[in-house]
Amino acid sequence: MIKIKSTLLTIFVFLFTTNVIAQPGLSVFTINTDDASGYLKWLTESTPTFVDAWGDSVVSSGICSPISGGEDDGDHYVWNISPSMTATLEANDRAFNDKASLKAISRISNKRDIKRRDIYNVVKPSKGFYQTGVTQAQYNLLSRPNNMSEYIKTIEAMENAASKNGFSDIEFVVFEGFGAGDWARMAMASIQAPSIERLGAFMDARQSDWMAESMSAFPSMRTPVRDWFLLCTTLSSVE
């Protein structure tokens with residue numbers, strides 16, 4: 001039995017490992033609740049319990065709430081980022097096998113529904129840290145890229161152009177569905193700004209010459225599926 005498990009693990013590593021450097025992982029729980037403020041209060045108070053259970057498997061966690069684009073009213077996205085896919089899977093296992101975490105979850109289980117659980121690779125990470133207590137404004141676009149590496153290169157070029165044209169505080173992060181059900185292998189491009197005002201200003205620049213040039217290649221390289229505007233708050237972080 002041990003030999004069989006070892007052989008399967010070897011096959012898995014061969015099929016799915018493209019290099020020796022692990023990519024960070026993102027775990028997202030889509031929940032729905034009629035009491036957003038009550039859920040946020042519970043999550044904020046319970047996060048230290050989850051942090052204890054996660055140990056070093058999670059580097060930051062938080063919640064995103066849609067301004068627009070949510071599938072249903074009351075949808076929210078509870079997330080955590082891990083340094084590798086191993087850590088991502090371990091974090092879920094640790095939280096749901098920890099007595100203190102299960103006790104905390106029991107206090108909210110009848111006040112929210114879990115709609116879906118998704119995992120992503122972070123294929124273009126944030127350059128900085130997500131700081132506890134900080135709220136960002138984000139525009140996220142889910143799409144099917146023809147070529148992920150070329151898509152990321154084009155996004156990086158757009159980010160550089162934005163920095164040169166007054167938007168050095170705007171960051172682009174890209175996730176790839178990997179254990180995300182019907183979103184498997186799709187790209188989630190996230191434009192992240194320090195405030196809703198700055199995100200709005202960036203969107204207002206879409207008609208500028210530099211932005212139009214930066215965006216010109218996108219229509220031929222990806223098929224949009226869904227998009228959102230969100231406010232995202234970090235509830236825990238390890239710097």
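Helices (H or I, at least four residues) and strands (E, at least two) are DSSP runs, numbered from the N terminus. The structure is a predicted model, in which local features need pLDDT of at least 70 and side-chain atom pairs count only at pLDDT 80 or more, while totals for chains, interfaces and linings use all residues. Residues are numbered from 1 along each chain as its sequence is written, and side-chain values use heavy atoms, with hydrogens and water left out.

Eight strands close into a barrel in the order β1-β3-β2-β8-β5-β7-β6-β4, with antiparallel pairing; two strands pair if DSSP finds at least two bridges between them. From one strand to the next the twist averages 35°. Axes are lines fitted to C-alpha atoms, for helices over the stretch in contact, and angles run from 0 to 180 degrees between N-to-C directions. The antiparallel strands β1 and β4 are joined by eight bridges, and Phe29 stands opposite Arg117 in β4. Helix α3 (residues 85-95) packs on the sheet and touches β1, β3 and β4, where contact means heavy atoms within 4.5 Å. The direction of α3 makes about 160° with that of β4. Helix α5 (residues 148-164) also packs on the sheet, touching β4, β5, β6 (171-177), β7 and β8, and its direction makes about 165° with that of β6.

Strand β2 pairs with β3 in the antiparallel sense over five bridges, and in this pairing Ile63 stands opposite Val78 in β3. The two strands β2 and β3 form a hairpin with six residues between them, and Gly69 in the turn has a positive phi of about 95°. Strand β2 is also joined to β8, in antiparallel fashion, by eight bridges; there Cys64 stands opposite Cys232 in β8.

Strand β5 is mostly covered, with nine of its 11 residues buried. Buried means under 20% relative accessible area, exposed over 50%, and partly exposed in between (1.4 Å probe, protein chains only). The antiparallel pairing of β5 with β8 extends over 11 bridges, and Phe229 in β8 is the bridge partner of Tyr139. With β7, β5 pairs in the antiparallel sense over seven bridges, and Leu142 stands opposite Met188 in β7. In a regular strand the side chains alternate between the two faces of the sheet.

Grid points are joined across faces, edges and corners, and a volume is the space filled by probe spheres set on the points.

The structure holds one cavity of 30 Å³ or more. The largest cavity contains about 310 Å³ of space. Its lining comprises 22 residues, of which Phe29, Phe50, Trp54, Val78 and Phe96 lie nearest the centre. At least two lining residues are supplied by each of β1, α2, β2 (60-68), β3 and α3, and α2 gives the most, with six residues. By type, this lining divides into 15 nonpolar, six polar and one charged, where Ala, Val, Leu, Ile, Met, Phe, Trp, Tyr, Cys and Pro count as nonpolar, Asp, Glu, Lys and Arg as charged, and the others, Gly among them, as polar.

The second largest pocket has a volume of about 510 Å³. Of the 29 residues that line this pocket, Val28, Tyr77, Asn140, Met188 and Leu230 are the closest to its centre. Strands β1 (25-32), β3 (75-82), β4 (113-124), β5 (135-145), β7 (187-193) and β8 (222-237) each supply at least two residues of the lining, and the largest share, six residues, comes from β8. The lining of the second largest pocket is made up of 16 nonpolar, seven polar and six charged residues.

Two further residues were examined individually. Thr47 is found in helix α2 (residues 36-54) and counts as buried because its relative accessibility is 4%. Apart from neighbours within four places in sequence, Thr47 is in contact with Ser61, Leu235 and Ser236. Ser216 lies in the loop between α7 (209-215) and α8 (218-221) and counts as exposed, at 53% relative accessibility. Ser216 is 18 residues from Thr234 in sequence, and the two are 33 Å apart in space, C-alpha to C-alpha.

Notes:
On a 1 Å grid over the protein atoms alone, a cavity is a set of points where a 1.4 Å probe fits but cannot get out, and a pocket is an open set with protein on both sides within 12 Å along at least five of seven lines; lining residues have an atom within 4 Å of a point.
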